[in-house]
Amino acid sequence: MKLSFKGGIHPLRELHEGKGKTHSQPIRDFVPERVCIPVDMHIGTPSAPCVKKGDLVKLGQVIATPVGGIGIPVHASVSGEVISVGPRQMLGKTASTCIEIANDGKDEWVELSPLGSVDSAPADKIVQQVKDAGICGMGGACFPSHIKMMIPEGKSVDTIILNGAECETFLTADHRLMLEEPQRIVDGLRLIMRAMKVSTGIIAIEDNKKDAIKVMQEAISGLEGIRVAVLKTKYPQGGEKQLIDAVTKRQVPSGALPIDAQVVVFNVGTAAAIADAVIHGKPLISRVTTVTGCVNTPSNLRVRIGTSFQDAIEAAGGFSEDPGKIFAGGSMTGLCIPGTEVSLTKANNGIVVLNQKDAVKKQPTPCIRCGRCVEACPSRLNPQFLNALNDLSDLAGMKKHNVMDCTVCGSCSYVCPAKIELCATFKEAKEKITARRV
Ligand code: SF4
Ligand code: SF4
């Protein structure tokens with residue numbers, strides 16, 4: 001049976017034309033001559049640089065140390081010379097402190113400290129190893145993974161879900177990772193389960209990736225407590241709450257977290273990074289990202305963290321048309337980048353280039369009260385009503401009607417025949433409510 005959730009959309013054009021450009025493209029390594037690594041790639045206080053201009057660093061060396069309770073370190077993604085430490089415009093509204101390193105081409109690793117195999121690594125040391133490796137959610141969430149692995153007092157977890165849905169338009173990085181490197185993913189899942197003392201692990205994959213389903217089923221063959229769940233292809237099937245609903249039939253209540261449904265979700269790429277950290281002692285220095293849209297050679301690249309968008313686009317053959325808009329991520333939840341000098345971070349699963357024609361925004365017209373946005377909302381909100389409250393600048397009313405549960409998935413905007421920018425409106429309202437403590 002194909003599992004699913006209530007609401008959602010079928011962005012068919014993007015699924016067929018978007019993913020089709022790269023789903024058969026094997027992962028290709030790309031190493032740039034220079035990286036520019038932000039120290040604020042995770043949710044929480046930015047890390048503190050511990051290197052300066054002129055220092056020589058090895059691959060995997062700590063270049064910024066954790067700050068605050070949920071902080072994680074940042075590591076050099078190439079070996080070479082630090083050429084600058086300072087502010088640069090990245091994806092955020094304010095500049096990020098970045099560490100720029102000129103690659104010496106040697107890929108000389110710092111001394112690594114593996115913990116052991118999947119079965120021999122001491123379970124009580126796995127969480128610290130994950131923290132030391134600087135791992136955060138690679139599906140886009142950027143939440144430090146070691147925090148997710150620590151079960152708070154009074155809570156319990158009985159299921160780990162690995163998110164291999166990859167419902168975002170255009171992206172195929174997780175699809176290729178499951179096809180080509182399934183053992184890393186399964187090892188990572190088993191290590192998470194051991195560290196958290198959880199006996200059920202589920203790898204959830206949409207049914208438009210039949211080859212990946214088969215490969216992952218083979219990879220878990222004979223392993224007790226682990227199974228593959230086949231999901232209906234629907235956007236946003238990979239949203240945490242939608243995934244938990246589809247796979248376990250449990251609802252995460254308004255304002256609550258997945259752990260309140262006794263579930264913790266990790267991206268498949270995050271699980272693979274956890275396996276590297278524990279089994280090989282390797283910190284997070286690279287990731288697979290899809291570079292597609294209007295580029296000459298749409299690709300799945302394994303890029304070093306801190307590679308510029310410009311270098312990654314050139315590695316994919318350069319622009320095939322004049323770009324109109326470039327997204328970090330897919331076209332539904334991705335952010336428009338301010339310029340191609342911004343860097344790929346731990347959470348960047350894709351670069352999507354739209355041509356000028358596709359990038360043109362349609363002018364919104366008045367709401368016709370068709371209700372399509374209500375039907376599409378996977379968070380069971382009423383976007384039409386929330387938008388009316390926003391027009392009245394009624395932030396308190398929006399909060400009362402659960403705008404904070406909006407996952408900014410964009411489904412409402414996608415289906416709206418009046419082309420009202422519902423999703424962007426709710427994103428802004430959430431930021432204002434948080435900043436003003438409404
Ligand atoms: S963007 Fe928010 S309001 Fe719109 S469909 Fe997604 S969750 Fe619902
Ligand atoms: S989809 Fe657009 S036009 Fe239809 S009710 Fe929602 S906001 Fe109004």
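1. Start with Val 268, which sits in helix α8. Helices here are DSSP runs of H or I with at least four residues, strands are E runs of at least two, and both are numbered from the N terminus. Val 268 counts as buried because it has 31 C-beta neighbours inside 10 Å. The cut-offs are these: buried takes 20 or more other C-beta atoms within 10 Å of the residue's own, exposed takes 12 or fewer, partly exposed is in between, and the C-beta atoms are placed from the backbone. Leaving out residues up to four places away in sequence, Val 268 touches Leu 162, Asn 163, Gly 164, Asp 174, Leu 177, Met 178 and Ile 185. Contact means that the two C-beta atoms, placed from the backbone, lie within 7 Å. Val 268 and Ile 27 are 241 residues apart in sequence, with their C-alpha atoms 15 Å apart in space.

2. A word on the model and its numbering. It is a predicted model, where local features need pLDDT of at least 70 and side-chain atom pairs count only at pLDDT 80 or more, while totals for chains, interfaces and linings use all residues. Residues are numbered from 1 along each chain as its sequence is written, and chains are lettered from A and ligands numbered from 1 in the order in which they are written.

3. Now the rest of α8, residues 268–280. How many of its 13 residues are buried? The count is 12, so α8 is largely enclosed by the rest of the structure. Among those buried are Gly 269, Thr 270, Asp 276 and Ile 279. Just after α8 comes Gly 281, with a positive phi of about 75°.

4. Is Lys 148 buried or exposed? Lys 148 counts as buried, because 25 C-beta neighbours lie inside 10 Å. Setting aside neighbours within four places in sequence, Lys 148 is in contact with Phe 143, Val 264 and Phe 266. Gly 137 is 11 residues from Lys 148 in sequence and 9.5 Å away in space, C-alpha to C-alpha.

5. On to ligand 1. The shell around ligand 1 has 15 residues, and the closest are Cys 377, Cys 406, Cys 409, Ser 411 and Cys 412. A residue is near a molecule or strand if its C-beta atom, placed from the backbone, lies within 6 Å of it. Two elements give two or more residues to this shell, α14 (411–415) and α15 (422–436), and α15 has the largest share, with three residues. By class there are 11 nonpolar, four polar and no charged residues. For these classes, Ala, Val, Leu, Ile, Met, Phe, Trp, Tyr, Cys and Pro are nonpolar, Asp, Glu, Lys and Arg are charged, and the others, Gly among them, are polar.

6. Ligand 2 also has 15 residues around it, and Cys 367, Cys 370, Cys 373, Gln 384 and Cys 416 come nearest. Here α11 and α12 are the elements that give two or more residues. The largest share, three residues, comes from α12. This shell has 10 nonpolar, three polar and two charged residues.

7. Back to α15. Its buried residues are Leu 422, Cys 423, Thr 425, Phe 426 and Ala 429. They cover an arc of only 155° around the axis, which puts them on the same side of α15; the arc is that of the directions from the helix axis to the C-beta atoms. Exposed on the other side are Ala 424, Glu 428, Glu 431, Thr 434 and Ala 435. The buried residues of α15 pack against α11 (372–376), α12 (383–391), α13 (395–400) and α14. After α15 comes Arg 437, with a positive phi near 50°.

8. Last, the strands around β15 (residues 323–328). β15 runs antiparallel to β17 (residues 350–355), and five bridges join them; strands pair if DSSP finds at least two bridges between them. Pro 323 stands opposite Asn 355 in β17. Two bridges join β15 to the antiparallel strand β16 (residues 335–336), where Leu 335 is the bridge partner of Ala 328. The hairpin of β15 and β16 has six residues between the strands, and Gly 329 takes a positive phi near 105° there.

Terms used: The expected span of a helix is 1.5 Å times one less than its number of residues.
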